[in-house]
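Work through the exercises below with the model open beside the text. Each task is followed by a solution in steps.

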Amino acid sequence: MQIIALLAAAVMAFSPKAVESAFDGHPGALIILNATGETILRYNATGCDELLPPCSTFKIWNTAIGLETGIITDPDAPFWKWDGKKYWLDAWDHDQTVRSAFTLSCVPAYQSLARKIGAKRMAEYLHKISYGNEDISSGVDVFWLPTPGRKPVLISPMAQAKLIARLLQGELPFSAHTQAVLKDIMKAKETGRGILYGKTGTGTDESGKSNICWYVGYVESGGKTYPFACMIKGKDLTGKNARAVVEKTFSDVGLL
């Protein structure tokens with residue numbers, strides 16, 4: 001009973017001022033829910049509802065759809081054979097497993113997966129899970145990326161967090177195996193107080209002068225689960241900055 005009371009007090013202690021400090025003057029938004037999708041913290045309500053390209057956070061759902069369609073099975077099995085091209089990140093210039101491609105956010109590997117899934121099945125799954133505005137018209141292998149001259153799919157931080165909550169509640173059309181693989185590859189950090197699961201994402205905004213940076217996932221702590229989505233904008237920022245906001249916010253209240 002004492003542990004439950006302490007956890008409840010910690011959740012109540014989420015402070016908008018502390019969160020604002022974590023953003024360090026950069027515009028952004030953070031939404032934290034409980035396991036059933038009820039809001040615990042909504043920092044910058046307008047920002048939480050802003051529609052934005054998901055960037056590499058879509059790899060969560062690209063992986064899930066790949067698993068459901070049988071294109072991929074084991075997270076450590078061969079997933080993508082390097083095509084010999086030189087990419088901007090040296091770590092992408094190698095064969096990848098699902099785990100390594102997810103961790104390294106290997107865009108060409110996931111573009112290959114999306115092409116194998118195909119536009120028809122991809123559109124069907126986005127509709128089944130109500131993913132943002134469900135728009136893949138810019139191309140099955142680029143629709144989640146902000147690309148000049150193309151219109152990406154758009155989703156809000158609130159919708160991102162709600163989708164994670166629905167996944168954890170078993171409300172999405174994904175098998176127990178798919179959910180187990182996602183949990184495995186999304187695990188990012190474990191402390192004595194909790195476990196962090198998530199995926200970063202980074203892309204340029206429409207102006208091309210600033211970045212849209214994401215961290216989407218959930219925290220397990222004291223037998224409870226907290227889905228979240230964080231978005232931060234800045235010229236020299238990446239998804240690692242969004243992750244840092246999340247880590248500080250949960251750490252400050254003793255849940256991570």
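**Exercise 1.** How many bridges join β7 to β8, and do the strands run parallel or antiparallel?

*Solution.* This is a predicted model, in which local features need pLDDT of at least 70 and side-chain atom pairs count only at pLDDT 80 or more, while totals for chains, interfaces and linings use all residues. Residues are numbered from 1 along each chain as its sequence is written, and side-chain values use heavy atoms, with hydrogens and water left out.

Step 1. Two strands pair if DSSP finds at least two bridges between them.

Step 2. β7 and β8 run antiparallel and are joined by 11 bridges.

Step 3. The hairpin of β7 and β8 has two residues between the strands, and Gly222 in the turn has a positive phi of about 60°.

**Exercise 2.** Which residues of α6 are buried, and what covers them?

*Solution.* Step 1. Helix α6 spans residues 107-117, and nine of its 11 residues are buried.

Step 1. The buried residues are Val107, Pro108, Ala109, Tyr110, Gln111, Ser112, Leu113, Ala114 and Ile117.

Step 2. The elements covering them include α4 (59-68), β3 (78-80), α5 (98-104) and α7 (119-128).

Step 3. After α6 comes Gly118, with a positive phi near 90°.

**Exercise 3.** Which residue forms a salt bridge with Lys233? Find where both partners lie, then treat two further pairs in the same way.

*Solution.* Step 1. State the criterion: a salt bridge is a side-chain nitrogen of Lys or Arg within 4 Å of a carboxyl oxygen of Asp or Glu. The structure holds 15 of them.

Step 1. Lys233 pairs with Glu50, the closest N and O atoms being 2.8 Å apart. Lys233 lies in strand β8 (residues 224-234) and Glu50 in the loop between α3 (45-48) and α4, so the pair ties together parts that are 183 residues apart in sequence. Both are partly exposed: Lys233 has a relative accessible area of 23%, and Glu50 is at 28%.

Step 2. Asp184 forms a salt bridge with Arg99, with 2.8 Å between the closest N and O atoms. Asp184 is in helix α9 (residues 176-186) and Arg99 in helix α5, 85 residues apart. Asp184 is partly exposed at 35%, as is Arg99 at 26%.

Step 3. Glu247 and Lys189 meet in a salt bridge (2.7 Å, N to O). Glu247 belongs to helix α10 (residues 239-252) and Lys189 to strand β5 (residues 187-190), 58 residues apart. Glu247 is buried at 17%, whereas Lys189 is partly exposed at 33%.

Step 4. Salt bridges that share partners join Asp76, Arg99 and Asp184 into one network.

Terms used. Buried < 20%, exposed > 50% of the residue type's maximum accessible area, 1.4 Å probe, protein only. Helix = DSSP H or I, 4+ residues; strand = E, 2+ residues; numbered from the N terminus. Contact = heavy atoms within 4.5 Å.
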